There are 2 protein chains.
Amino acid sequence: MRWWGWGDPSQPPALPAHALAFLADTVVLSARPRAPVALGEVRLAPVGLSRELLAQLRAIVGARNVRDGHRERVLHAGGKGYPDLVRLRAGEPEGAPDAVVYPAAHEHLRALLELCARCSLAVVPFGGGTSVVGGVAPLRGAHRGVIALDTSAMAGVLELDERSATVTVQAGIRAPALERVLGARGLTLGHFPQSFQYVSLGGCAATRSAGQASSGYGAIERMVLGLRMAAPTGDIELAALPASAAGPGLRQTLIGSEGAFGVISELALRVRPAPRERIYEGVFFEDFGAGAAALRMLAREHALPDVARVSDEQETRVSLALAGVGGVKGRAGRAYLALRGYSRGCLGILGFEGGAREVHDRRRRALALVSGCGGLAVGRSPGQAWLHGRFAAPYLRDELLTHGVMVETLETAAQWSKLLALHSSVTRAIAGALEACGTPGIVMCHISHVYESGASLYFTLIAGQREGDEIGQWRAVKRAAGEAILAGGGTITHHHAVGRDHLPWLARELSEGGLAALAALKAELDPAGIMNPGKLLALSW
Amino acid sequence: MRWWGWGDPSQPPALPAHALAFLADTVVLSARPRAPVALGEVRLAPVGLSRELLAQLRAIVGARNVRDGHRERVLHAGGKGYPDLVRLRAGEPEGAPDAVVYPAAHEHLRALLELCARCSLAVVPFGGGTSVVGGVAPLRGAHRGVIALDTSAMAGVLELDERSATVTVQAGIRAPALERVLGARGLTLGHFPQSFQYVSLGGCAATRSAGQASSGYGAIERMVLGLRMAAPTGDIELAALPASAAGPGLRQTLIGSEGAFGVISELALRVRPAPRERIYEGVFFEDFGAGAAALRMLAREHALPDVARVSDEQETRVSLALAGVGGVKGRAGRAYLALRGYSRGCLGILGFEGGAREVHDRRRRALALVSGCGGLAVGRSPGQAWLHGRFAAPYLRDELLTHGVMVETLETAAQWSKLLALHSSVTRAIAGALEACGTPGIVMCHISHVYESGASLYFTLIAGQREGDEIGQWRAVKRAAGEAILAGGGTITHHHAVGRDHLPWLARELSEGGLAALAALKAELDPAGIMNPGKLLALSW
């Protein structure tokens with residue numbers, strides 16, 4: 001993973017000339033490329049741990065598994081949110097862990113957490129490190145130091161119970177590695193967030209992650225059947241069960257705990273037969289409202305595809321222009337859409353996965369329903385293009401940053417009755433905040449997670465950076481969006497989690513009583529407050 | 001509701017002569033009918049509340065809504081579990097609430113809980129009063145007195161959001177009343193536990209109830225989108241949302257809290273279009289293993305009907321003999337089954353609900369899959385018979401009690417890989433315990449809630465009562481079953497909840513750390529420990 005951005009360092013740039021030209025027409029590009037500083041120029045405070053403490057950590061996990069070198073600390077200095085990248089590229093992260101520790105087993109976690117609680121060391125659980133909400137910021141709170149607890153050495157598959165369609169894993173396993181193991185047995189987990197190539201399953205569970213195919217496979221909270229957590233005061237072990245009424249839903253209480261209660265060490269996950277057939281195709285709608293109505297109808301009729309997305313007018317226009325996503329960028333395609341009256345329409349992607357016959361039947365039924373809602377099927381090319389580029393956006397963001405362009409995403413979910421008004425009010429709030437910053441930009445949105453009672457809204461904003469005050473600009477946008485989301489009846493986050501960035505809205509969403517309940521849980525499991533300070537349950541904006 | 005048993009007092013006896021004859025062949029019937037005592041003979045301790053305290057309660061909810069008459073107290077002296085009925089019929093309940101209080105609004109709850117915390121009054125939230133696990137036992141713990149907080153006056157429909165397919169109700173509303181309101185708008189909740197005719201939705205949510213059509217509609221925890229709870233220290237309010245990643249799944253933490261944290265006052269519930277078509281039909285399998293395998297296949301292929309059940313050999317035999325359930329009790333039907341080699345087989349019921357075309361398609365696909373697993377479709381008559389009798393079993397239990405017959409049910413769920421062994425070991429454990437009591441009996445079982453990773457097992461046992469030691473006999477059976485369930489990897493309860501009866505196994509199921517987490521939540525929300533003492537979080541066997 002690049003220390004200053006996303007993904008594989010060998011990945012070539014992906015922003016074609018026509019896309020750059022489109023952007024130059026739309027937002028202000030920086031006059032000169034703004035490349036990241038060299039790794040050596042990243043400024044970090046000296047390691048704050050005593051030799052004795054480092055020796056104690058090494059005694060637990062082995063000498064090679066406690067690392068405090070410059071590169072290692074920079075790689076754990078933050079997640080992959082916009083402010084993280086702005087700071088890292090400038091060589092000015094807010095902080096870095098004093099050391100990065102790699103436990104290999106649950107017993108290591110127990111010993112580490114006991115040591116850290118005793119010695120007042122903050123612990124930041126670090127899976128794939130892909131948080132976009134400050135979830136892995138190396139904050140020490142009032143503690144003497146802070147370590148990143150990197151779970152990448154806890155990556156084993158412990159049991160594959162094919163009869164129960166359940167796999168038990170160490171929580172540090174990466175999603176692609178797990179899919180490889182499962183694929184060899186004709187199975188899949190079906191969890192494909194945009195960060196798929198790097199996420200750990202423990203991180204997904206800790207943040208209530210939702211994959212791009214959540215309409216079919218469900219979000220991670222539907223996949224976790226059992227789990228094991230090491231908290232400073234002890235372990236919680238919940239065996240894999242299909243369902244239970246043995247008191248409150250404790251599994252769901254730990255899913256979404258964001259490292260603030262303890263470290264998830266093992267997960268039992270529901271798996272499914274790998275799809276033998278995959279059909280992804282494009283549908284055009286006259287406008288966003290028509291697209292949303294079609295998705296609502298599909299959910300109501302239990303005819304949802306596995307992937308169900310609709311972009312709004314702006315996102316449809318920009319995607320077609322930027323990257324050719326949509327596959328109808330050619331002259332002929334556009335002429336066809338114009339002829340049918342969809343020239344300013346909205347692109348939807350419907351993806352069906354499963355057995356050949358089943359996919360065929362579900363596709364036919366869904367397309368009939370969508371067509372009844374005014375949708376125009378435009379064939380597989382847009383679906384294939386979307387599938388091909390589904391994990392590419394973070395790479396694009398890095399390139400845009402080099403051109404002085406701010407790219408940020410934020411998301412919510414709400415009941416259908418509130419969704420279109422929420423779409424408008426959040427769009428206006430973001431656009432207004434950008435204008436107030438003197439950097440008018442593009443605000444676009446799509447629905448990508450669909451439920452019977454409502455759906456998600458995923459906003460992307462693109463604007464010229466306010467040079468020298470990038471973080472202030474970002475904060476203004478984030479604040480405006482968050483206020484509009486809460487005012488409009490949305491959740492502050494559908495699948496990005498709370499982390500640090502959504503703290504200001506949590507009490508309003510969960511009510512003071514709800515927040516007090518979570519605080520009581522934390523106090524029980526982590527009385528010294530060493531677990532991921534400043535996230536989930538502490539205001540730090 | 002009958003004070004000494006189940007349901008509508010005008011319901012005629014339902015046990016035909018042939019059924020009684022079958023039972024007399026199988027278990028020992030009491031020589032003389034054992035009718036319940038007269039209501040006036042039920043022995044209760046005098047009301048333990050001072051006139052002043054009663055006046056304070058009346059000041060909150062109005063004079064008519066605080067009742068301490070004999071009949072009222074008897075009606076709230078327990079739930080509808082086997083030991084409850086044994087004690088009540090004998091006129092010897094363990095206790096009764098000092099008063100029954102009927103709040104009408106959330107504000108009443110706030111004032112009541114504050115008063116009760118201040119004056120050391122235990123509060124037993126009482127919805128439909130149908131708990132079969134001691135969940136509404138009027139235990140006072142160390143408090144000065146105990147009130148039943150009956151929610152039946154909190155029964156309003158607050159909002160019906162048809163676009164979002166969401167209804168918001170006061171939590172005391174009964175399931176049939178809600179279905180009537182929804183039905184008038186072409187909607188349904190789809191929650192049909194055996195106790196349907198009496199349950200409150202708040203009680204369902206507090207106990208993680210699952211309806212008979214849970215394979216299609218999901219259990220209650222899938223229906224609750226938002227809720228409001230009044231706890232002694234304050235309110236928790238969680239708005240209706242289709243999904244959220246804003247921290248731990250707090251909704252799921254309150255679902256299943258069994259009145260031990262607070263009183264659920266409002267619920268936002270997902271609703272669905274009422275089915276336009278309903279097809280319920282019977283399928284025979286060679287044995288229970290074949291039936292379970294067929295259900296597993298249906299789940300795996302996403303072809304589950306809305307109702308999916310398979311009885312084991314014993315239950316099939318007994319149901320056919322006892323009540324004609326199955327609809328193939330006639331000579332011709334039996335001859336047909338014998339001819340096809342299913343004379344000792346297992347009966348399954350598959351129920352499909354929805355739009356006519358959709359039901360037709362789903363049914364065809366499911367029957368093809370089931371047939372591939374060796375299932376033999378035997379037409380709609382068994383399905384119709386099951387539908388007709390689906391809420392009748394509790395009436396039957398009352399009649400059997402009169403004949404000196406113990407009838408108890410208990411349930412679990414487990415992964416598919418453990419299910420058949422668990423079925424055997426629990427059956428053996430119950431049968432062994434009955435034999436050890438000198439009352440050998442019938443133990444039978446069905447699967448009725450099906451998941452991709454596993455299923456429920458629902459056991460019914462019938463045996464002659466050990467006169468004079470009915471509770472000891474019951475306890476021996478319950479203990480043996482619980483131990484076998486935990487040893488076999490099952491949950492101590494799939495949908496009956498913990499209440500009082502499952503307390504001995506909770507720590508093993510949730511681990512000590514999990515139990516400590518729940519205890520911390522309770523301490524935060526109910527520091528005086530007034531909420532439903534002796535249930536969920538206190539050992540009292």
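A crossing of two helices is called right-handed if the near helix is turned clockwise from the far one by less than a right angle. The legends below use the term in this sense and refer to a predicted model.

**View 1. Helix α19 of chain A packs against helix α19 of chain B.** Both helices span residues 503-525 in their chains, and their axes are 8 Å apart at an angle of about 135°. Angles over 145 degrees would count as roughly antiparallel; α19(A) and α19(B) are therefore oblique to each other. Their crossing is right-handed. Chain A contributes Ala516(A), Ala517(A), Ala520(A), Leu521(A), Glu524(A) and Leu525(A) to the contact, and chain B contributes Ala516(B), Ala517(B), Ala520(B), Leu521(B) and Glu524(B). Sorted by class, this contact of α19(A) with α19(B) has nine nonpolar residues, two charged residues and no polar ones.

**View 2. Chain A as a whole contains 19 helices and 18 strands.** Along the principal axes, the C-alpha atoms of chain A fill a box of roughly 75 × 60 × 45 Å.

**View 3. An open sheet of seven strands in chain A has antiparallel pairing.** The strand order is β15-β12-β14-β13-β17-β18-β16. At the edges are β15 (376-379) and β16 (405-415) of chain A, each of which pairs on one side only. On average, neighbouring strands of this sheet are turned by 25° against each other, with direction ignored. Within the sheet, β17 (residues 441-447) and β18 (residues 454-464) of chain A form an antiparallel pair over six bridges. His446(A) has Tyr458(A) in β18(A) as its bridge partner.

**View 4. Helices α15 and α17 of chain A lie on strands of the sheet.** Helix α15 (residues 380-389) lies across β12 (277-285), β13 (307-311), β14 (346-354) and β15 of chain A. The angle between α15 and β12(A) is about 115°. Helix α17 (residues 416-436) of chain A packs on the sheet and touches β16, β17 and β18 of chain A. The direction of α17 makes about 15° with that of β18(A).

**View 5. Helices α11 and α14 of chain A pack with their axes 9 Å apart.** Helix α11 covers residues 288-300 and helix α14 covers residues 356-372, and the angle between them is about 140°. α11(A) and α14(A) are therefore oblique to each other, and their crossing is right-handed. The contact joins Ala294(A), Met297(A) and Leu298(A) of α11(A) to Ala366(A), Leu369(A) and Val370(A) of α14(A). The residues of this contact divide into six nonpolar, no polar and no charged.

**View 6. Helices α4 and α16 of chain A cross at roughly 50°.** The axes of α4 (residues 82-89) and α16 (residues 393-402) of chain A come within 12 Å. α4(A) and α16(A) are therefore oblique to each other. Their crossing is right-handed. On α4(A) the contact is made by Tyr82(A), Leu85(A), Val86(A) and Arg89(A), and on α16(A) by Arg397(A), Asp398(A), Leu401(A) and Thr402(A). By class, the residues of the contact of α4(A) with α16(A) are four nonpolar, one polar and three charged.

**View 7. Glu266(A) lies in strand β10 of chain A.** Strand β10 runs over residues 263-270. The C-alpha atoms of Glu266(A) and Thr168(A) are 7.0 Å apart in space, although these two residues are 98 residues apart in sequence. With residues up to four places away in sequence not counted, Glu266(A) touches Leu158(A), Val169(A), Gln170(A), Ala171(A), Gly226(A), Leu227(A) and Arg228(A).

**View 8. An open sheet of four strands in chain B has mixed pairing.** The strand order is β1-β2-β4-β3. The edge positions are taken by β1 (66-67) and β3 (121-126) of chain B, each with a single partner strand, so one side of each is left without a neighbour in the sheet. Strands β2 (residues 99-101) and β4 (residues 145-150) of chain B pair in the parallel sense over three bridges. The bridge partner of Ala99(B) in β4(B) is Ile147(B).

Note on methods
Residues numbered from 1 in each chain as written. Chains lettered and ligands numbered in written order. Predicted model: local features only at pLDDT ≥ 70, side-chain atom pairs only at ≥ 80, totals over all residues. Heavy atoms only, no water. Axes fitted to C-alpha atoms, helices over the stretch in contact; angles between N-to-C directions. Helix = DSSP H or I, 4+ residues; strand = E, 2+ residues; numbered from the N terminus. Parallel < 35°, antiparallel > 145°, perpendicular 65-115°, else oblique. Contact = heavy atoms within 4.5 Å. Nonpolar A, V, L, I, M, F, W, Y, C, P; charged D, E, K, R; others polar. Pairing = 2+ DSSP bridges.
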